[in-house]
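Please open the structure in the viewer and keep the selection tool at hand.

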Amino acid sequence: MEIYHKDGTFPRYCEAVRKSLDDNRFNEFAQLTSDEERFRFVNGLRKIVDELQLKREYNGKGMEQATALKTLGNKAFQAERWNDALVFYNKCYVSTPKENVQEKSIILANRSAALYHLEKYDLALRDIQRALDHQYPNQMMYKLVERKARCFLAKKEYEAALECFKATVTALDDSNLPLERRQKLERDAQIMINLLPKNIELEKKTKKKSSKADQSAPTTKVPDNFIEKALWFDESPDEGRFARTNTDLKPNTILLLERPHVSVLLEDYSLDHCTHCFKRVSVPIACPLCADVVFCSDECETKANATYHRYECGFLPILWGSGASITCHMALRMITQKSEEYFLKLKPELAGLTNEQIDKLPVDDYRKVYKLVTHESTRSPEDFFQRTLMATLLNACLTLGGYGACPQEQNFIGGLLVHNLQLLQFNAHEVSEMIRETAEDIGKSTFIGGGLYPTLALFNHSCDPGVTRYYRGNQVCVRTVKNIPADSMVAENYGPLFTQVRRDERRDTLLHQYRFTCQCVPCVENWPLFTEMDPGVIRFRCDSGKICSNVLLIPAAVNDFMVKCTECGEHTNIMKGLKSLQDTDMLFKTATRLHSAGEYEAALRKYIEMMETMSEVLVPPYRDYHLCQQGLRACMLEFGNRFNRAVAKK
């Protein structure tokens, strides 16, 4: 990942600063050996705050804009276009300044009305409570309390509904409604007050009976972090650290669930996904100060504003406008999500831990990621200079945002920023979401943000990976897509698959981006592209009782069913294999039909059965084998982030 895009203020600034250094001065920089020294040198060259006119700005909020959006929302609401009203109320809420507390309470109340009509009762109740917390006008309180009662009534929470209807009658005393209108509302509330006790009594009897009959198992909570016990991490001079398995792994085995050490949304998704957990948000909670990010819940908003967002708030437009890549934002957030005191405390032991000690650390511990590969020894002075200059921009945002109470430690924190920019280049992952434009669309896996996953970062690459990954919010899930024998490397894929890209191009890409020449089996044996695999030749596994890895290349129109292996001399009866392949044809058709019908669990089971059958008799590369893998991946992606624009517009 590059550190900046060409269209931004930083590339031009970087070019100007570089040109201002003569050869002697730049050579002085090139001789430096630590990130802290590099940062001290570059940070002393120019005053980046003045030259780029950096300052904290809270854009996107203003009552004139908010009032216009509120008017549009009210018109849509009166026309019973509830979804349109919700969209306008969302924008109005995000645009309303922090100091306009009562205006914010009114827009939250309006939004709760739209949510009530959309039958999103829990979200409506959340907005009602937030409106109450924002000093909702007393003379209008009856509206909120009555709507709260209706929400509880729709949810069949009759006791809560009864209390709210009673409160409605009391709240009407403070209203300035005409007498006739007020009396009607009182009568309506009183009718419900008289009716609900019967419902409550009936509900109690029903609950008593159902509690005796209900023997269902409790719902299992998905863990935040999980590693399959069969996995372990080996190390070698050529491979570095990498994942192995000590048992045979079957397809669809969950190997890893991991929360990120750090994660950041792309700018394009900052207003429709929660900036903290990456869940798509239809009813956002706004940052009190800026209009640059939204949250899915009060919990996420509180966590973000207690840590990283309090320092980033008001500076995100600077980062986006500078052309800084998402890895730069991640490098910054690796710092802002912890205090300066935290890093100073870790300083003496950052580089001193063993792998065994690091593996036992929690995912949010900075020491967990500090020793991830940076390829520092292969970097050019120009590369170091660009990254260090970017670190000065990030550090300027930190300083202006009020981060850090020890100015003398600025170079230490700056050095960490330089280090972060290096390790993220090779260890960060793109977080994706499956987006469909129409109900019939097969969908496109779309890059919405980036994350650093300490365990996943240890998985090595293969052009024929044994696993696939998908995301739930910003949590990554890794599952197997083929049989992986015990004592084998468990590899993921860093980009190019052998079925789609030729070996030379794959190797060039990996060498350029990750600085290694791929030695996976498809590269060593130069496997053909999917389109070049010969469907007229079947690659059978030698079925001898001896240990033999030979592949039997059999014409599809074969007449002899006993084939002699040229390696071990034993005969293999391919009749069983041919019969199995007939079965897999039917399984593939069934799996494809189920997948098209949206029955992803059922489709996945069929693909797994197909994979198990083929693995017994076939050796890849083979067209049907890789079509099956593709089907497995497609099903698994459906269990992660996904969004259908056509459905959302309804």
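The stops below concern a predicted model.

Begin by selecting residues 63-203, which form domain 1, and then residues 537-643, which form domain 2. The C-alpha centres of these two domains lie 59 Å apart.

Next, display the strands E5, E9, E8 and E16; in that order, these 4 strands form an open sheet with mixed pairing. Strand E5 (262-265) and strand E16 (642-644) stand at the edges, and each has a single partner strand, so one side of each lacks a neighbour in the sheet. From one strand to the next, the twist averages 35°.

Now select strand E8 (residues 428-436), which pairs with E16 in the parallel sense over 3 bridges. Within this region, arginine 436 stands opposite asparagine 644 of E16.

The remaining stops concern backbone geometry. Most residues other than glycine have a negative phi, and most peptide bonds are trans.

Select proline 620 and proline 621, which are joined by a cis peptide bond with an omega of about 5°. Proline 621 belongs to the loop between helix H24 (600-617) and helix H25 (623-637).

Move to glutamate 119, in the loop between helix H7 (101-117) and helix H8 (121-133). Although glutamate 119 is not a glycine, its phi is positive, at about 65°. Is glutamate 119 buried or exposed? Its relative accessibility is 58%, so glutamate 119 counts as exposed.

Finally, select aspartate 487, between strand E11 (475-480) and helix H21 (503-514) in the loop. Aspartate 487 has a positive phi of about 70° and, at 52% relative accessibility, counts as exposed.

Note on methods:
Residues are numbered from 1 along each chain as its sequence is written. This is a predicted model: local features need pLDDT of at least 70, side-chain atom pairs count only at pLDDT 80 or more; totals for chains, interfaces and linings use all residues. Side-chain values use heavy atoms; hydrogens and water are left out. Domain bounds come from an automatic or database domain assignment. Two strands pair if DSSP finds at least two bridges between them. Helices (H or I, at least four residues) and strands (E, at least two) are DSSP runs, numbered from the N terminus. Axes are lines fitted to C-alpha atoms, for helices over the stretch in contact, and angles run from 0 to 180 degrees between N-to-C directions. Buried means under 20% relative accessible area, exposed over 50%, partly exposed in between (1.4 Å probe, protein chains only).
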